Amino acid sequence: MIIVDNALAKLAAQNKSIKVGLVGAGFMGKGIALQICKYVPGMELVAIANRNLDKAKFAYNQAGIEESQEVVSTAQLDKNILNGLYSVTTDPTLLCKAAGIDAIIEVTGAVEYAAKVAMCAIENKKHIILMDAELDGTVGPILKVYADKAGVIVTNADGDQPGVMMNLFRFVKTLGVKPVLIGNIKGLHDPYRNPETQKGFAEKWGQNPVMVTSFADGSKISFEQAIVANGTGMRVAKRGMIGPTVPSGTPLKDVLEKYPLEELTNGPGVVDYIVGAEPSPGVFVLGTHHDPIQQHYLNLYKLGEGPLYLFYTPYHLCHFEVPQTVARAVLFNDAALTPLDKPYVEVVATAKIDLKAGEILDGIGEFMTYGLCENADITQMENLLPIGIAENCILKRNITKDQVLTYDDVILPEGRLIDQLRKEQVEFFNIASKMSAIQTDVVVNSI
């Protein structure tokens, strides 16, 4: 969004700013704090909430803010905002309720915790930017329903791969090219990785081994492609996606035959990924164009003779671009990536190892499960268990390695918001689907 820079500069020139609250001060949260505080005119990070207060203070320190004050009430926080002071707290609801905050960035990656933050932000009419594909891919469509009613934006972020894919998708559509595949480029995919195997890599880069594992075992890419599908109306070609692996460094343009042309062009399009291709870690869109004159021009412009035309972005810059998402939401009421109208693709829990009755399932990116994409209609028809729901569920029976879990296989914990939202989502969109069918019948019968 090139217009964002001028809009923010105009705010800064007027001594005005977008006031932002950040929930989460881990690896990505610290990067976002640094970017906003040091490099984005017209935007202020006025408060950080984190379960560990020292980490919130450190995020400010790293961003050049030496003094921050702990607050325990909304009144304290709003007073600090008015006085130009920076605040830290362990209670994210203070940020959601503060009158002086325009938008909340949620970057914890913890589904239940993030669900509470998102709902509180929406209830208090705050735009909510989710650096949390796990929450978005589990209950994003029903959060969008709540956000629409409140008149606020709920969106994934620019910079992370889903946002980059959506920006590229929108660009390709404006050219008159029909996107038929939205792809993600990865360097590794091994569903059996765990925090022990990924410990060394995580330590090298100062990251959480569990989060790193979710990248390696395919759970993260499943969530990323699911929320892109939900934002575009696309599907997956099969459970788990096609996901071809090619020799490392293979040019992307040389591997397009790995995807079935007929599957791509005769439906709403698919989301997928590829392992090993270059440019990595970029994203790409395959599109078609049926105008022979435009096909001639596309060939002239070095995109080839078709029928598939390749567009790609060779990088994703994560925290660098998140402030753009904030500005798009607050200043232009525009979402980088938000659910379209219903769930299209889900991420279902799959056994990483043989599991035993009575065991309590651990979380995403841990030792027991990995995530696979599945089309939402099949997920519902087969009563499959979303991996965003799976943590802390008790197994009722033995599950073999690589078996997809269902709701019938587990006992859900009591009192979780994520289960309530999931139930609401299923019921809401079932009703919406039935009403749409009734209205269609009425139209057909009246004709």
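This is a predicted model: local features need pLDDT of at least 70, side-chain atom pairs count only at pLDDT 80 or more; totals for chains, interfaces and linings use all residues.
**A friendly first look at this model**

1. Now the helix itself. Spanning residues 27-39, α2 has 13 residues. From its first C-alpha to its last it reaches 18 Å, close to the 18 Å expected at 1.5 Å a residue. Its buried residues are Gly29, Gly31, Ile32, Ala33, Gln35 and Ile36. As background, an α-helix has 3.6 residues a turn, so residues three or four places apart point the same way.

2. Next, have a look at Thr338, in the loop between α14 and β13 (345-351). Thr338 counts as buried because its relative accessibility is 17%, and the cut-off is under 20%. A polar atom of the Thr338 side chain lies 2.7 Å from the backbone oxygen of Val154. Not counting residues up to four places away in sequence, Thr338 touches Val154 along with Lys144, Asn230 and Gly231.

3. The largest nonpolar core holds 84 residues, and the members touching the most others are Leu77, Ile101, Ile104, Leu135, Leu143 and Leu361. Helix α6 (residues 111-123) gives this core its largest share, ten residues. There is also a second, separate core of 29 residues, with Ile65, Val88, Ala103 and Ile129 among them.

4. Finally, Leu361 is worth a click in the viewer. Setting aside neighbours within four places in sequence, Leu361 is in contact with residues including Leu355, Met368, Ala390, Cys393, Leu395, Leu405 and Val410. Thr369, Glu391 and Asn392 are also among the contacts of Leu361.

How values were computed:
Residues are numbered from 1 along each chain as its sequence is written. Side-chain values use heavy atoms; hydrogens and water are left out. Helices (H or I, at least four residues) and strands (E, at least two) are DSSP runs, numbered from the N terminus. The expected span of a helix is 1.5 Å times one less than its number of residues. Buried means under 20% relative accessible area, exposed over 50%, partly exposed in between (1.4 Å probe, protein chains only). A polar contact is a pair of N or O atoms within 3.5 Å; within protein, one must be able to donate a hydrogen and the other to accept it, and residues adjacent in sequence count only if both atoms are side-chain atoms. Contact means heavy atoms within 4.5 Å. A nonpolar core is a set of buried Ala, Val, Leu, Ile, Met, Phe, Trp, Tyr and Cys residues joined through side-chain atoms within 4.5 Å.
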